[in-house]
Amino acid sequence: MGKLTYVKSASQLICMDGGLGPRTGRGMSMLGITANGSVVIEDGIIVFSGSDTLAEHYLSTRQDDVEIIDARGKVVTPGLIDPHTHIVFAGSRENELELRLQGAKYIDILKRGGGILNTARSTREASEEELVRQSKVRLDRFLLHGVTTIEAKSGYGLTVTDELKQLRAARALNDSHPIDVVSTFMGAHAVPEEYNNNPEGYVDLVINEMLPAVAEQELAEFCDVFCEQGVFSIAESRRILEAAGRLGFKLKIHADEIAENFGGAELAARLGAVSAEHLLKASEEGIQALAKSDTIAVLLPGTALFLMEQAAAARKMIAAGVAVALSTDCNPGSSPTVSMPFIMNAACLTMKMTPAEVLTASTINAAYAIGREKVMGSIEIGKQGDLVLFDADNYRQLQYYYGMNLVHTVIKKGQVVVKGGVLVDRQQPAY
């Protein structure tokens, strides 16, 4: 006889059934809502999802201890998934906000040794233990905002030693924190200062030394490249990603964030990348290429807002049949936030996505963007028991009350990790 976690009587249970693939078009508005719904979790896995009446019948057939969680008056969703973060870093870059307010552009700051290169200097100086300590604080804050799984990119080391250090820190966090951390190698995040006069030499370093070392130590599942004017060209990005593919990495691309018609989305589609990310400047051809591919478009409205740029053309992408996911892009320079609820608000207000679409983009489609669609992203029998209980009567309120954290309870693999907006393990106030 085991122990069951029984979440009962949700005002709306947003099941987000997985279906046969990522949601596109009108499918992004199909939430699978059960009124007065219940979920039963056993050993971290969902064993029942449905109406209260059917739940009571199911439980009557079981001889188990039951922990009851009353969800009356609350919306219950799958745990939120953030498929694009740079969470492992040291240092801060708040001075860059004032530079941008005075007209400086992101790439200009990078070329002057700021931006990513600024963070790289701080991250190189930090020990692995310090990176874990600082990043754990961020993970706790993510948890308080309903996020139960994140992707974490390297790319602030830019040497073999420091990239490996970042990825080991991410692995340590995955092993020690309730949030699942999925690692991505991104040594091609910027050309470090010591290679200013030899960018091809740095590309060779990424291909010939970094990628094999990461693969040998099994520190990352994905490889990402900042494919952008002034960073890595289409040709350089292709070289790196093809080398990564030969070593067994799944592919991601930072694409079309800054320059018009650069071709990053097209490259992602050609290479069969799992995701193309940013896409503020994606061309019509790029959008059509993504629509014909299995690549997920991971959009980052918080980054566009913080950089004071026009957000990605989400409506055009959805109309074309592109599968869209959302992310915070949590990082120290262009999107220093851990709030997926705010990002969901921003997706409505700056990209005109509907409340239903943003829920899809933050759960099942986000799961596809990190290759976890078979184990999370929807409330279905056999998937992980990752749930969020929001203080809201219906799902539309989650986006209507913008800038507010309505997360009440977070359940990770059947365990309550946030209750009443407070971390259960330390009773720490919500941030």
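Biologist: Which residues do ring pairs link into a cluster in this structure?

Modeller: In this predicted model, ring pairs link Y195, Y202 and F232 into a cluster. A search of the whole structure finds five aromatic pairs.

Biologist: How should I read the geometry of such a pair, for instance that of F48 and Y58, and what makes the pair stacked?

Modeller: One looks at the distance between ring centres and at the angle between the planes, where planes under 30 degrees apart count as stacked. The centres of the F48 and Y58 rings are 5.5 Å apart and their planes lie at 20°, so this pair is stacked. The two residues are ten apart and belong to distant parts of the chain, with F48 in strand 3 (residues 45-51) and Y58 in helix 1 (residues 52-60), and both F48 and Y58 are buried. The aromatic pair of Y202 and F232, by contrast, is tilted, with 6.4 Å from centre to centre and 35° between the planes. Because Y202 belongs to helix 7 (residues 199-216) and F232 to the loop between strand 9 (222-227) and helix 8 (234-246), this pair ties together parts that are 30 residues apart in sequence.

Biologist: Are Y202 and F232 buried or exposed?

Modeller: Buried means under 20% relative accessible area. Y202, at 0% relative accessibility, counts as buried, and F232, also at 0%, counts as buried.

Biologist: Where do charged ends sit over rings?

Modeller: The charged end of R138 sits over the ring of F89, 3.5 Å from its centre, while that of K252 sits over the ring of F222, at 4.9 Å from the ring centre.

Biologist: How should I read an annotated site, and which residues does UniProt place in the feature "binding site"?

Modeller: Such an annotation may be inferred rather than shown by experiment. The unreviewed UniProt entry places "binding site" at H84, H86, H254 and D329. These residues span 246 residues in sequence, yet no two of their C-alpha atoms are more than 12.3 Å apart, so they gather at one spot. Of these residues, H86, H254 and D329 are included in the lining of the largest cavity.

Biologist: What surrounds H86 and H254?

Modeller: H86 is in the loop between strand 6 (80-82) and helix 2 (95-101) and counts as buried at 2% relative accessibility. Beyond its neighbours within four places in sequence, H86 has contacts that include K153, Y156, H254 and D329, and its side chain makes a polar contact with the side chain of D329 (3.5 Å). H254, in strand 10 (residues 250-255), counts as buried at 3% relative accessibility. The residues that H254 touches, leaving out those up to four places away in sequence, include H84, H86, D224 and E277, and the side chain of H254 makes a polar contact with that of H84 (3.4 Å).

How values were computed
Residues numbered from 1 in each chain as written. Predicted model: local features only at pLDDT ≥ 70, side-chain atom pairs only at ≥ 80, totals over all residues. Heavy atoms only, no water. 1 Å grid on protein atoms, 1.4 Å probe; cavity = no way out; pocket = protein on both sides within 12 Å on 5 of 7 lines; lining within 4 Å. Helix = DSSP H or I, 4+ residues; strand = E, 2+ residues; numbered from the N terminus. Buried < 20%, exposed > 50% of the residue type's maximum accessible area, 1.4 Å probe, protein only. Contact = heavy atoms within 4.5 Å. Polar contact = N/O pair within 3.5 Å; in protein donor to acceptor, adjacent residues only side chain to side chain. Phe/Tyr/Trp six-rings, centres within 6.5 Å; stacked < 30°, edge-to-face > 60°. Lys NZ or Arg CZ within 6 Å of the ring centre and 35° of its normal.
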